[in-house]
Structures are given as structure tokens and as C-alpha cells.
Amino acid sequence: MPGPMARRIDVTGAGGVRLAAWEFGDPPKTDRTHGTPPAGTPPATGAGDPPGVLLLHGLMGRASHWAPTARWLSARHRAVALDQRGHGRSDKPPRASYTREAYVEDVEAALEQLGLGPAVLIGHAMGALTAWQLAAKRPDLVRGLIICDMRASALGSASQHTWTEWFRAWPAPFATLADVRKWFGEDDPWVERPNPARGEFYAEVMAESPDGWRPVFEPEQMLRSRETWVYDAHWEELAQVRCPTLVVRGLDGELGRAEAQEMVRVLPRGQYAEVADAGHLVHYDQPEAWRAAIEPFLNTLRDL
């Protein structure tokens with residue numbers, strides 16, 4: 001759950017879905033970044049002016065997973081993290097659209113309403129796919145892109161079946177948050193060795209209910225969201241991204257080195273970085289190494 005330093009900004013996404021955006025640190029005190037510009041405020045893009053940053057979590061994630069990154073960024077950038085539809089504190093309407101188009105349009109609306117663009121988009125997993133799809137669609141809104149552990153190839157029907165079975169295996173409701181941490185950090189059959197960071201990651205997306213702790217999202221909505229991208233490859237949209245793009249992978253993550261390097265090759269302005277001793281949750285597993293991996297790239301964007 002966002003801590004006391006978090007400031008919530010309401011955004012209206014596609015189809016009127018109410019989204020929660022969060023600032024976890026005080027924005028730098030410059031003309032561009034002081035406070036929240038009103039909707040429609042033209043962006044300042046002076047030479048050396050640090051761009052705004054929008055952080056996009058992955059499937060089942062929430063904006064607060066980005067809090068340490070956002071606080072670090074806020075020394076030089078206006079950094080905002082978005083709870084995407086169906087996640088965190090954003091609305092979860094059962095009949096809403098959970099298509100790729102809806103997620104992309106939400107981010108487009110957020111950038112415009114927050115006055116952030118042209119911004120750097122930093123996305124993890126599904127959030128990274130949303131980020132590069134928007135960068136292909138609206139190059140005017142995206143100054144730079146960081147893709148964290150997201151594959152461009154199709155994952156296929158077997159992958160979706162595996163996820164469906166995994167959700168069914170959850171022993172929810174969990175009696176305590178300690179049980180959440182233990183199951184996702186040790187007992188989950190997907191865990192090869194104890195991973196406390198993974199346990200903490202999932203503890204952060206649980207809320208107390210009368211019968212115990214349950215996820216703040218609906219697993220069925222997560223599967224609906226996921227099925228809109230797993231059957232397709234996304235190389236064509238990657239090739240349409242014109243801004244500088246950094247592809248980051250954890251050495252033990254889901255994006256293999258060969259595929260990551262092919263993504264860099266396909267991207268017109270692609271760069272590569274990897275983080276040792278990190279799995280899929282790169283920014284959560286190894287926050288200091290993650291910051292070291294992305295800082296040089298962010299510094300180059302100041303001079304564009």
C-alpha cells in the first residue's frame with residue numbers, strides 16, 4: 001500500500017475508467033516540474049530539461065512497487081507511477097475492456113492529463129509492452145523508453161493454461177501476510193529457491209477481507225488482460241519505436257539474452273543492459289543494481 005509520502009492524482013482513462021496515479025517523492029522545484037500542471041499544459045522541452053517519467057507496473061503489480069525507483073527519480077524528474085485498470089487503487093469494472101488498446105489509451109490519457117509528455121516511460125513486463133505500444137502510436141508523447149523483462153515473442157496457449165492453473169493453486173484467502181510472504185517466497189511451485197523479494201512483492205498486492213488476505217485484483221481480470229497479448233508477437237510495434245530505448249533484463253528473468261539482444265537490434269535506437277542476481281522482478285529484486293543500469297541511459301536523454 002502506498003506510504004504516507006504518496007500523493008494520489010486521479011486520472012480518467014479510456015471509457016471513463018477512473019485511474020489512480022501516484023507521486024512518491026517531492027518533484028524537483030523547477031518551472032517544469034513544480035506541482036501538477038493542469039490538463040492540456042504544453043510541455044517544456046528545453047535543452048537539458050529533465051523529462052517527466054511515467055512508471056508502469058506489470059500484470060498483478062501496482063504503482064507502489066515503483067516507490068523506491070520513483071523517489072530516487074524525483075530528485076531530478078517529475079516521476080509518476082500509474083495503477084493500471086484492474087490494479088491497485090484504480091477502478092476494476094467487471095464489464096470494462098481489458099484489451100491492449102484500453103491499456104494503451106489509459107497511458108495516453110494519463111500523460112496528457114498529468115502534463116508529463118514527452119516523457120520517459122519505464123515499464124515492467126506488461127507495463128513495458130503497453131509503453132512500447134504507446135511509443136509506436138504516439139511518438140510525440142514519448143521521449144525515451146525503458147523496457148524491463150518483457151518478451152516480444154508470442155507466449156502461446158500453453159502459457160495461458162499454465163497461468164490459469166497457477167491462479168487455482170493459490171491457497172487464498174491467506175490467514176496472515178506472513179503466510180502470503182511464505183507461499184509466494186518459498187512454497188509456490190513456481191519458486192525454484194527461496195525468494196523473499198517475491199514474497200514481499202505479492203504481500204504488497206493483498207488486502208485484508210473478512211475471511212483473510214486476498215489480492216486487490218480479480219484473477220479472472222488478470223487472465224482476460226493477459227490473453228490479449230500472449231497469442232501475438234509484438235516485433236512490428238517494437239520496430240516502430242523511434243525514441244531511444246533501453247532493454248533491461250534480469251539474468252534469471254523471463255526475457256532471455258538472445259531475445260533481448262534481438263529486441264535491441266529491431267529497435268531503431270535500442271540499447272541493452274542486464275542486472276545480475278535478479279529474476280523477473282528486476283527493480284524489486286536488486287534496486288541498487290537496477291538504478292545503476294538505467295541511470296546512464298536517463299542521463300543521455302537530458303541532452304536530446
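Colleague: Which residues of α6 are buried?

Modeller: This is a predicted model, in which local features need pLDDT of at least 70 and side-chain atom pairs count only at pLDDT 80 or more, while totals for chains, interfaces and linings use all residues. Residues are numbered from 1 along each chain as its sequence is written, and side-chain values use heavy atoms, with hydrogens and water left out. Helices (H or I, at least four residues) and strands (E, at least two) are DSSP runs numbered from the N terminus, and buried means under 20% relative accessible area, exposed over 50%, and partly exposed in between, with a 1.4 Å probe and protein chains only. On those terms, the buried residues of α6 are Ala197, Arg198, Gly199, Phe201, Tyr202 and Ala203.

Colleague: What covers the buried residues of α6?

Modeller: Helix α6 spans residues 196–203 and is mostly covered, with 6 of its 8 residues buried. Contact here means heavy atoms within 4.5 Å. The elements that cover these buried residues include α4 (157–169), α5 (177–187), β7 (206–209) and α10 (282–285).

Colleague: Is serine 74 buried or exposed, and what is its relative accessible area?

Modeller: Serine 74 sits in the loop between α1 (67–73) and β4 (79–83). Leaving aside neighbours within four places in sequence, serine 74 is in contact with Gly25, Asp26, Pro27 and Pro28. Serine 74 counts as buried because its relative accessible area is 9%.

Colleague: How many Å apart are the closest N and O atoms of arginine 168 and glutamate 165?

Modeller: Both arginine 168 and glutamate 165 lie in helix α4, 3 residues apart, which is about one turn of the helix. An α-helix has 3.6 residues a turn, so residues three or four places apart point the same way. Arginine 168 and glutamate 165 form a salt bridge, a term for a side-chain nitrogen of Lys or Arg within 4 Å of a carboxyl oxygen of Asp or Glu. The closest N and O atoms of this pair are apart by 2.6 Å.
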